[in-house]
Amino acid sequence: MDPLVTSELSKFDDGIPFRPKLHHVHSTWAKTFLSRPDLYFQPESLEEIEKIVKLAHRCHRRITTTGCGHSPNSMTCTSSWLVNLDKYNRILSLDESTGIVVMQAGIRLYQLCDELANHGLAMPNLGSINQQSIAGAISTGTHGSTLRHGIMSEDVLSLRITTADGVTRFCSPDEDPELFRAAVLSLGALGIITEVTFKAVPEFTLKWQQVIDADSKMLSSWDKDLWTRAEFVRVWWYPYTRRAVVWSAEQTDEPQVDPPRSYYGGALGYYVYHNLLYIAQYVPRILPWVEWFVFGMEFGFSNGSKTQAIQPSRQALLMNCLYSQYVNEWAIPLHKGPEALRRLSSWLNQLPPTDLDYVPHNIPFSAKDLWVHAPVEVRVSDNSSATPNSRPYLDPTIEDGPTLYLNATLYRPYYRDPPCHVRYYEAFEWLMRELGGRPHWAKNFETTGEDLEKMYGDRIQRWRKVRERADPDGIFVGPWHRRNVLGSGNSLLHEEIDAGSTKMPDTAVHFRGVIPTGNDVSNEG
């Protein structure tokens, strides 16, 4: 361990454990980024967390917090100190009559859901996975797909967060609302969220069905009942076959019925698809056929094919992310969805004006010899009824109406980047910006910090002021934050900067950071 850390540690005579791990390798779930933190911590008490922060301040270190690393961007990468709260994951109190639950912030969503179920409770809403910690899920704006709910943080009643001075502060919409609005979607840049108070609901079961049909049928129902036919609705859109799967779920008291199983739906289908994607790395023009075959085998080749099941909400709302992937998701106004999908279809399929589905796409990039993966995930939420004191400053959703999320997923078969990656995302982001969109913070977007500043206006300025108050020296700031949310300006005293991150051949980016100290540099990894 660094002699400076050893020296400063010796000045603490408090009996509080300090147990870092050396030589830890951190990577995102998708293996898109990796880093080698100088020290890795898994604290088990609030006192340990506060001690780590105080020592980081004295030793000129940056702190990054990570959970499952499911975000495929570099937000959680560091060469300095990395904190994981997997061992700080207990339920502190639970009131079955009110549904109010107080928990340590490292609890994973699957652990939380299981614990709630033991008491007849459930989370009101879930995203597509349950591996994240509760702190990580709310800090990045995680959402599900329902117009009856907003983003996940709408059910957070209060937080405790340890800021850069090592002091743990309480905040809520009523008490220190500015800190609450900044911390409840903090991007890890204000401190370490240590405690979350959350409003659960009585446990419920969902009866769901998914139907595959022509995308024209889905689009024609867009302004009718597509998004209101059930409490939860999501769509997977397949651009080459021009089909869509509509998944909808409503609460029921009927007994559980497991989803039907087929010989193809397990390991066989998983490996067939994975290897077809790998072959497409070298022969990308087979991807339209791959889309037709794989999703025909999964959902049915005939339009109108249907699958149904009845499951607890904590199971029904989840999906399998399959393989390493890039994800580029944007929030746009719901009513602009048909325009977005039609323009994207015209561009990807290079439709001629004589085609019945043709619309002018106006995308200033060529789709010639560009072949992409499917599906595009289509989801919704409505956070417009959030009270001013509870709405996060950096909430990407639409302020005055329902929000549509379009997620352009690109798989990385056997951790190899697809050849279409750069051009597809360049065009996709251009279209999303033109439609008034904002990117999901936890995804792989390339839109500049200057553009993001325009998208958020005064709200990002207010977030920065609260962040500066909580962490004036940048103990929780890294290159991702500087590039996307902090704007131009001099580096902060403890801010980590990029020191030559390198892309390993067609696989992951090895993040390397440093914290400058005058003419010296510490913490290079």
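Author: His60 counts as buried, because its relative accessibility is 12%. Buried means under 20% relative accessible area, exposed means over 50%, and partly exposed lies in between (1.4 Å probe, protein chains only).

A word on the source. This is a predicted model, in which local features need pLDDT of at least 70 and side-chain atom pairs count only at pLDDT 80 or more, while totals for chains, interfaces and linings use all residues. Residues are numbered from 1 along each chain as its sequence is written, and side-chain values use heavy atoms, with hydrogens and water left out.

Back to His60. Where does His60 lie? His60 sits in the loop between helix H2 (46-59) and strand E4 (63-66). Helices (H or I, at least four residues) and strands (E, at least two) are DSSP runs, numbered from the N terminus. The backbone at His60 has a phi near 60 degrees, a positive value in a residue other than glycine. Most residues other than glycine have a negative phi, and most peptide bonds are trans.

Gln350 also has a positive phi, near 50 degrees, and is not a glycine. Its place is the loop between H10 and E18. At 44% relative accessibility, Gln350 counts as partly exposed. The loop between helix H10 (337-348) and strand E18 (376-381) also holds Pro375. The peptide bond from Ala374 to Pro375 is cis, with omega near 0 degrees.

Now follow the chain on from E4. Pro72 is in the loop between E4 and strand E5 (81-84). Is Pro72 buried or exposed? Pro72 counts as buried, at 4% relative accessibility. Which residues does Pro72 touch, leaving aside its neighbours within four places in sequence? Its contacts include Thr28, Thr32 and Phe33. Gln325, Val327, Ala442, Lys443 and Asn444 are also among them. Contact means heavy atoms within 4.5 Å. Pro72 and Ala200 are 128 residues apart along the chain, and their C-alpha atoms are separated by 28 Å.

Next, the hairpins. Strands of a sheet pair through backbone hydrogen bonds, either parallel or antiparallel. Two strands count as paired if DSSP finds at least two bridges between them. Strand E6 (residues 91-94) and strand E7 (residues 100-104) run antiparallel, joined by 3 bridges. Ile91 has Met103 in E7 as its bridge partner. E6 and E7 form a hairpin with 5 residues between them. Gly99 in that turn has a positive phi of about 80 degrees.

Strand E9 (residues 156-162) is largely enclosed by the rest of the structure, because 5 of its 7 residues are buried. E9 pairs with strand E10 (residues 168-171) in the antiparallel sense, over 4 bridges. There, the bridge partner of Arg160 is Phe170. E9 and E10 make a hairpin with 5 residues between them, and Gly166 in the turn has a positive phi of about 80 degrees. E9 also runs antiparallel to strand E11 (residues 192-199), with 6 bridges between them. Ser158 stands opposite Thr197 in E11.

E22 pairs with strand E23 (residues 509-510) in the antiparallel sense over 2 bridges. Lys503 has Val509 in E23 as its bridge partner.

Finally, step back to the whole protein. It has 14 helices and 25 strands. Its radius of gyration is 23 Å, close to the 24 Å that the globule rule gives for 525 residues, so the protein is as compact as a globular protein of that length. That radius is taken over C-alpha atoms, and the rule is 2.2 Å times the number of residues to the power 0.38. The C-alpha atoms fill a box of roughly 75 × 55 × 45 Å along the principal axes. Buried residues make up 57% of the 525 residues. Among contacts between residues at least 6 apart in sequence, 70% join residues at least 24 apart.
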